[in-house]
Amino acid sequence: MHSEKMKPLTNQKRVAAIHDISCFGKCSLTVALPIISTAGIEVSVIPTAVLSTHTGGLTGYTYRDLTEDILPIVSHWQSLNLSFDAIYTGFLGSFKQLDIVLKTFEQLKNPDTLIVVDPVMADNGKLYSTFPENFPEGMKKLCARADVIVPNITEAAFLTGEKYCEGPYSRQVVERILNKLAGLGPKQVVLTGVYLDEKNLGAACYDALTGEINYIDGRRIDGLYHGTGDVFASALVACMVNGCSLVKAAEIAVDFTVGCIERTKKAGTDRRFGVNFEAGLPMLAQQLGLI
Ligand code: PXL
């Protein structure tokens with residue numbers, strides 16, 4: 001007989017994470033894996049591309065597109081009858097992968113699988129250099145199939161046709177964007193990089209079913225810290241799969257991300273090299289009641 005203590009082991013949750021591997025620079029899978037694992041969740045990965053570094057502010061990176069590997073990986077998984085509590089997508093390696101990832105949803109999801117789409121493609125008003133101009137149009141289809149989408153302000157502008165502008169933002173503008181994003185089809189939206197004044201920055205959450213809007217604030221620290229979108233979305237997924245509500249998950253994820261940025265600012269390391277999320281992992285486990 002198993003003791004009560006054994007239960008969590010048999011009920012361990014499993015997430016499929018579909019992102020690139022940037023070998024250096026702390027983003028995508030190299031942050032999703034440790035952060036979601038910290039929450040006690042098994043992470044299976046489908047790498048979309050392998051790069052020597054991410055593409056933000058760095059040049060000369062290698063780029064191996066893994067488009068042709070995704071469906072064979074999924075087919076093999078299907079033969080093993082694996083089930084996933086969530087599928088979490090981020091940086092994709094090609095335009096063709098948008099349709100392939102849609103197929104992957106069909107093949108791997110069961111009625112209870114949470115689909116979280118981070119429409120990684122742009123920041124600071126600009127589309128990332130690896131994506132063609134029509135990529136946002138294709139990304140809308142992925143957002144339509146998601147339970148939760150996690151765009152930043154720039155990605156939201158590309159997805160809604162709103163003009164990109166820097167903040168502070170009015171609630172009216174934020175709520176118009178949230179409504180348009182919900183109009184793409186996801187059940188819930190977490191818009192990141194939202195600030196209503198110069199001192200605070202965080203996320204705005206929208207639940208399309210209830211119409212509820214929540215603003216979650218953290219301390220605003222000036223400057224662009226690379227990989228923080230992936231750090232935030234990974235923490236959000238970790239919390240939601242552990243049973244947190246959208247708003248509770250966003251609160252923990254904002255706190256976690258702000259902590260990473262503060263630590264990194266204090267250390268004075270190159271902002272392109274990513275944030276120190278590692279030192280925040282024990283606290284994340286504690287907030288989730290795991291230690
Ligand atoms: O953090 C988003 C991201 C993920 N993967 C790659 C990137 C970026 C952002 O620049 O270049 C390869």
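**View 1. Contact between helix 8 and helix 9 in the predicted model.** From helix 8, the residues T228, V231, F232, A235, L236, C239 and M240 meet L246, A249, A250, I252, A253, V254, F256, T257, C260 and I261 of helix 9. The axes of helix 8 (residues 228-241) and helix 9 (residues 246-267) come within 8 Å and cross at roughly 140°, and the crossing of helix 8 past helix 9 is right-handed.

**View 2. Surroundings of L236.** When neighbours within four places in sequence are left aside, L236 is in contact with V148, V150, V190, L246, A249, A250 and A253.

**View 3. The largest nonpolar core, with 48 residues.** The residues with the most contacts inside this core are I35, I36, Y88, V148, V190, L236 and F256. Two or more residues each are given to this core by strand 1 (14-24), helix 2 (29-38), strand 4, strand 5, strand 10 (200-207), helix 8, helix 9 and helix 10 (281-287). Another core, of 44 residues, lies apart from it and has I18, F84, V189 and Y206 among its members.

**View 4. The buried face of helix 5.** In helix 5 (residues 135-144), the residues F135, P136, G138, M139, L142 and C143 are buried. Seen down the axis of helix 5, these buried residues fall within an arc of 155°, and they therefore line one face of the helix. The buried residues of helix 5 pack against strand 4 (86-89), helix 4 (96-108), strand 5 (114-117), strand 7 (126-127), strand 8 (148-149) and helix 6 (153-160).

Technical notes: Residues are numbered from 1 along each chain as its sequence is written. This is a predicted model: local features need pLDDT of at least 70, side-chain atom pairs count only at pLDDT 80 or more; totals for chains, interfaces and linings use all residues. Side-chain values use heavy atoms; hydrogens and water are left out. Axes are lines fitted to C-alpha atoms, for helices over the stretch in contact, and angles run from 0 to 180 degrees between N-to-C directions. Helices (H or I, at least four residues) and strands (E, at least two) are DSSP runs, numbered from the N terminus. A crossing is left-handed if the near helix is turned anticlockwise from the far one by less than a right angle, and right-handed if clockwise. Contact means heavy atoms within 4.5 Å. Buried means under 20% relative accessible area, exposed over 50%, partly exposed in between (1.4 Å probe, protein chains only). The arc is that of the directions from the helix axis to the C-beta atoms. A nonpolar core is a set of buried Ala, Val, Leu, Ile, Met, Phe, Trp, Tyr and Cys residues joined through side-chain atoms within 4.5 Å.
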